[in-house]
Amino acid sequence: LAAVGLGAAQAATPPYLRKQGSATQLIVDDQPFLLLGGELHNSSASSLDYLESLWPALAAAEVNTVLAPVEWDQIEPVEGRFDFTVLDGMLKQARAHNTRLVLLWFGAWKNSMSTYAPAWVKKDTQRFPRARTRAGVPQEILTPFAPATLAADSAAFRALLSHLKQADTRHTVLMVQVENEIGMLPEVRDYSAAANAAWRAPVPAALTSYLAAHKATLQPGVRAAWEAQGSRTGGSWAEVFGDTIETEEIFQAWHYAAFVESLTAAGKAAYPLPMYVNVALNRPGKRPGEYPSAGPLPHLFDIWKPGAPSVDVIAIDTYFPNFMHWARQFKRPDNPLFVPEGDQADRADAGADAFYAIGEHDAFGFSPFAIDDVKDGKYSLPQAYRVLKQLSPVINQHQGNGRMHGFKAPMSYEGVVDTAPQMVNMGGYTLKVSFNAPWEKLEPSEVRNRGGLVIQTGDDEFIVAGKGLTINFTGADGAQVGIEKAVEGSYQNGRWREGRWMNGDETHQGRHIGLRADAYTIQRVKLYRYR
Ligand code: N0T
């Protein structure tokens, strides 16, 4: 009987991903979970004493989840002998601080390189051969064309997941990232002997049949290359896609994906947590080989999706000013938006990016890099997280139903901010969302820090949250619209608590809804129509 009771207490299923409308939610202990996180610096979780010192800062950062590496060299110093001391300590610390974890598997590759492989792998280049440049120079990069390397990485990954399955019945760990920002440098592909043989071998039918089945939605580059060769279903890589450097990237991407697929499947067989890969974006104007090539970049989604079907999410690491331009490309019917890394942690527009990603693209999580550096709650990110946490039950309820939108002023790669108001239709209303009040003259650098989201909760009811937005409502049918009531307030344990009734100057005498520019706030708004 005691055993039955214990079983019941731990009966919730492990975390998993579930569709809701056009969104994908992360389900934790049977409830949707909005992941408001941050990723640690690479070496922060390798020492339990060091990690322990970070928790006050992590609490001030308001994260509900921490993304932390697990190093292959640390868990398997001797082949087949595993040491999970650091991982177990990390689980214990996270639980003591009421925080969830996402584990990053730094296995065969971490940012192109293979520096996290154990010494017994690194030193045995016979058994674990290296990738080579075109000139034949071996790199500190394991080749993905070695079955022994895949077997060794998979054995370690499987051991990690098996350990978690028994050590984490409380579901502290929500997801696992498979490797880190895979991508080939300094050349577009591996030119080892095995790689060169694979280059001459036929393109797998799994790829060409995927291309044939997804003709209408293929990314332009892959589609053009494939069609230019006559949409062939068989032949070498050069025959199917053309003998170009772009094809070499496609080839390398397929083989990375195939490796990751086997690795992911091995881990999931032990313990089926959601798994994702993350990607370093490419700078405009750079050619394959000049950026970490062949990773799961948007122009290679059509290679990675069929190549690694066990991977649940291709996640975006965002270090460029044009975050919105990229985020849009990662939200697809076959891919939810998740941001496991970015340079936002200590930036003044971090909160606005979080509101935009969650509000506009139903992101189930947002988690900038270097969260250790957010040392107190005055940063933009914790301020936004405090409000997003209050709103998360409402957000979770509306994800994927088309009644939620996010707003931020887009920025170009060069950093030019588009300050123009944005128009959107919601229910019977047209919203004009501006990043300044009519009387405000702002520098673009200030405009970029503003942002928020709007949820339509009833025919004439909206929740408006964020910072510095001005919203004019008109009837989509041309009707006049008035504000019946607008109230600032907060959610405490899911219950709405009214604060100021917003009227007079605060609504520009009934003309608009205005969110304060000096803090993230929530307003509940009731409208009416008149003729
Ligand atoms: C990231 C991080 C960490 C201004 C870099 C970002 C993390 C890795 N790589 O600190 O190493 O583990 O995934 C690469 C993006 C560089 C673009 C810089 C543009």
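Pro 186 is located in the loop that runs between β9 (173-180) and α8 (193-200). In this predicted model, the peptide bond leading from Leu 185 to Pro 186 is cis, and its omega angle is near 5°. The phi angle of Asp 29 is near 50°, a positive value in a residue other than glycine.

**Domains and their interface**

The protein is divided into two parts: domain 1 comprises residues 14-201 + 249-400, and domain 2 comprises residues 406-530. Between the C-alpha centres of domain 1 and domain 2 there is a distance of 34 Å. Where the two domains meet, 26 residues of domain 1 are in contact with 26 residues of domain 2. Together, domain 1 and domain 2 bury about 2,200 Å² between them, and 67% of this area is on carbon and sulfur atoms. Which residues of domain 1 lose the most area to domain 2? They are Pro 321, Phe 355 and Gln 390, which together account for 24% of what the domain 1 side buries.

Polar and charged groups also take part in the interface. Between domain 1 and domain 2 there are 3 salt bridges, and 9 residue pairs are in polar contact across this interface. On the side of domain 1 that touches domain 2, the elements giving two or more residues are α15 (350-361) and α16 (380-398). Of these, α16 gives the most, with 10 residues. Sorted by class, this side of domain 1 has 14 nonpolar, 7 polar and 5 charged residues.

**Salt bridges**

The count for the model comes to 27 salt bridges.

| Asp 349 | Arg 448 | 3.1 Å |

**Aromatic pairs**

The aromatic rings of the model form 24 pairs. How are the rings of Trp 109 and Tyr 256 arranged, stacked or edge-to-face? Their centres are 5.2 Å apart and their planes stand at 75°, so the pair is edge-to-face. The reasoning rests on a cut-off, because planes over 60 degrees apart count as edge-to-face. Trp 109 lies in strand β6 (residues 100-110) and Tyr 256 in helix α12 (residues 245-270), so this pair ties together parts that are 147 residues apart in sequence.

Notes. Residues are numbered from 1 along each chain as its sequence is written. This is a predicted model: local features need pLDDT of at least 70, side-chain atom pairs count only at pLDDT 80 or more; totals for chains, interfaces and linings use all residues. Side-chain values use heavy atoms; hydrogens and water are left out. Domain bounds come from an automatic or database domain assignment. Contact means heavy atoms within 4.5 Å. Buried area is the accessible area (1.4 Å probe) that two parts lose on being put together, summed over both. A salt bridge is a side-chain nitrogen of Lys or Arg within 4 Å of a carboxyl oxygen of Asp or Glu. A polar contact is a pair of N or O atoms within 3.5 Å; within protein, one must be able to donate a hydrogen and the other to accept it, and residues adjacent in sequence count only if both atoms are side-chain atoms. Helices (H or I, at least four residues) and strands (E, at least two) are DSSP runs, numbered from the N terminus. Ala, Val, Leu, Ile, Met, Phe, Trp, Tyr, Cys and Pro count as nonpolar, Asp, Glu, Lys and Arg as charged, and the others, Gly among them, as polar. Rings of Phe, Tyr and Trp (its six-membered ring) pair if their centres lie within 6.5 Å; planes under 30 degrees apart count as stacked, over 60 as edge-to-face and the rest as tilted.
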